[in-house]
Amino acid sequence: MFFWSLVLIAVGIFSSFIYGRSRIKLNSKKQGTKSKSLPNYYAQYVLMWCLFPALIVYFSWAIFQEQIIQNIVISNFEFIEGAAYNEGLLIAEIRNVANNPSFAEGKSIEIINAASHYSSLRQISQISFYTSIIIIMLLGALYASQKLKPEFHAQHTIERYIQYILIFCSSVAIFTTIGIVFSLIFESLRFFAEVSIFEFLFSTEWYPFIPIREGQTAAEGSFGAVPIFAGTFLVMVVAMCVAAPLGLLTAIYLAEYASQRVRKIVKPLLEILAGIPTIVYGFFAFVSVAPFVKAFGQSIGIDASPTSALAAGMVMGVMIIPFISSLSDDVINSVPQSLREGSFGIGANKAETIKKVILPAALPGIVGAFLLAISRAIGETMIVVVAAGTAPNLTGNPFENVTTVTVQIVVALIGDQEFDNPRTLSAFALGLVLFVITLFLNIIALQIVKRYRERYE
Amino acid sequence: MSNSKILANGVDVYYGSKQALFGISMDIKEKEVTALIGPSGCGKSTFLRCINRMNDLIEICKVSGSIKVDNEEIISSSTDVVSLRSKIGMVFQKPNPFPKSIFDNVAYGPTIHGLVESKNDLEEIVHSSLKKAGLFNEVKDRLNEPGTSLSGGQQQRLCIARAIAVNPEIILMDEPCSALDPIATAIIEELIDELRLNYTIVIVTHSMQQAARVSQKTSFFHLGELIETGDTKKIFTNPDNSKTQDYITGRFG
């Protein structure tokens, strides 16, 4: 179905274009006037009218067909009195039988009837799908062809349509974001219906274990997220302690000292660092850095655990170096050359110029780069999953293992559990907190960067 | 006859493989205004930037020949560029105040060169520099506001104040009025006339009227060569070279 409908649409595109082109040439010849736009614009006009209504039908069919068929099948299903049904399982069973008749063996007569009902509905749906696509395409082309007169400004109309298409494309991302936010909020509300928001935000006990069987009283869930926030904060601080100085100094070197040749080599190398999958950083942290941290801790008399905030934070710091160095390098580079000349012209040397003129001028942008890096560090998952541990541990000691918001989300969602208990729902509440924090950081950072740009451009 | 302050001899400048200046030799006198004129791309700014070694900032730029400031060779790797530049102030085409307060803009030079002992000294230098640049009365109540908040003409005078705060002997001006309106230009020109009593000034300008108004000596550059140099009056009324004649009468450029 998918393949043939694509072929159908491709044929429609091609023939409508050819048709539109030849039709407008014919019409203008008949009237003896030159058309207001080039023939190609009329062809595009026909094409768009042929294509887009058909695409809308196509996608709505693809989205709703299965659901509608299932609803019809279920509503016609002959339920046996007294038997318990799970609707999801029932549908799956019916579909299995419909798709593969060999499954029919041993199934009840109701199921087999429903399966044949299902298959026939699908067939009807497919036939009507093709006919309606063809009809819609023809209608669209017909409507458009009525407008193919030389005095019609096809180009203006096309440009307006293209603008609509662009607006549509850019709103996809925005609406997706809004959708994600709403799903986060609704699921979080379900969580907060069972766990008080004050417990979540201010209590320090995180034991997200709920009784699996009825009567199992050994574990009572407790959802105080403070240790998780603290762990996230600790890892982030360690990461920034590594990334801020290294990244900033790298940027200063690249922007002010490095020759063009060095710059051309080093900058892409740093950006490769940003392209390493974070899980790779994760096992680097676990296999190489964590044992080193443990050994180092022992050598100075601190008992370090095998996974620690320090190991995860340090590797995460390395991961975000390119963010800071690349953004800061851009910012420093966009400090106008005239300021450097002004400073050198007074007899300042390079260090004085950088310290007293360039860095102050670039400061807002650098702060923006730091904030973006922080929000990246907070949202990072894989490194901390592998290298920081999963124990909620309220501590300021980076040698101990801690857990972060992202890790707890992973832990909550692992395993096959239904989204109906606080343990899994807590993932959404944590995700919401994470989202709000990074959103604010990003907004502030972008605001700062923007204000800085306005000043110099 | 006053003494020569800057003495250039056979200065060649290359940008990569492209030669921008051809054997420039020139004698710039003390406490006079020398104007460098010529069509765009003729090398007058390049020459100006040789005098305080500003071309060092351009990686591909190579300077050879000899320039002596106060009889000291400056085109040499052993030249102390920092002290050279503190002796030669520079004012640029576009006003380029630092993103600091008006006070800190002027205080920048004296501070990095350690010219002041106390806060009072610094304040005195800043005030007197602003006065010399004719800006003090306009900004004395808002010295803590950012330098970028001033108008274009005020910013340019702030840059002049910043340059003279380190007590230079020479001031280089690279088309200082090209970004300013006529009124601000007139104020700067008046200022140049006052400054010439204490400083040697070399000014690059596109405006021949400006050269005629503010300078005592004029040098005409064309295609990287120094065509003619002499008293401004003579250059503008009775030049020796026919190219100079053509340029000042507006036949090209």
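This is a predicted model: local features need pLDDT of at least 70, side-chain atom pairs count only at pLDDT 80 or more; totals for chains, interfaces and linings use all residues.
Residues are numbered from 1 along each chain as its sequence is written, while chains are lettered from A and ligands numbered from 1 in the order in which they are written.

Okay, the core. The largest nonpolar core has 152 residues; by that I mean buried Ala, Val, Leu, Ile, Met, Phe, Trp, Tyr and Cys residues joined through C-beta atoms within 7 Å, buried being 20 or more other C-beta atoms within 10 Å of a residue's own, with C-beta atoms placed from the backbone. Which helix gives this core its largest share? That's helix α10 of chain A, residues 309–333, with 16 residues. Helices here are DSSP runs of H or I, at least four residues, and strands are runs of E, at least two, numbered from the N terminus.

A:I324 is among the residues with the most contacts inside the core. Beyond its neighbours within four places in sequence, A:I324 is in contact with residues including A:L248 and A:F370 (contact: C-beta atoms, placed from the backbone, within 7 Å). Another core, of 19 residues, lies apart and includes A:W49 and A:Y58.

Last, the chains. On chain B, 24 residues are in contact with 17 residues of chain A. α2(B) gives the most to that side of chain B, four residues.

Back in chain A, the contact of α2(A) with α5(A) includes A:Y41 and A:M48 from α2(A), and A:I158 and A:Y161 from α5(A).

Notes
Two residues are in contact if their C-beta atoms, placed from the backbone, lie within 7 Å. A residue is buried if 20 or more other C-beta atoms lie within 10 Å of its own, exposed if 12 or fewer, and partly exposed in between; C-beta atoms are placed from the backbone.
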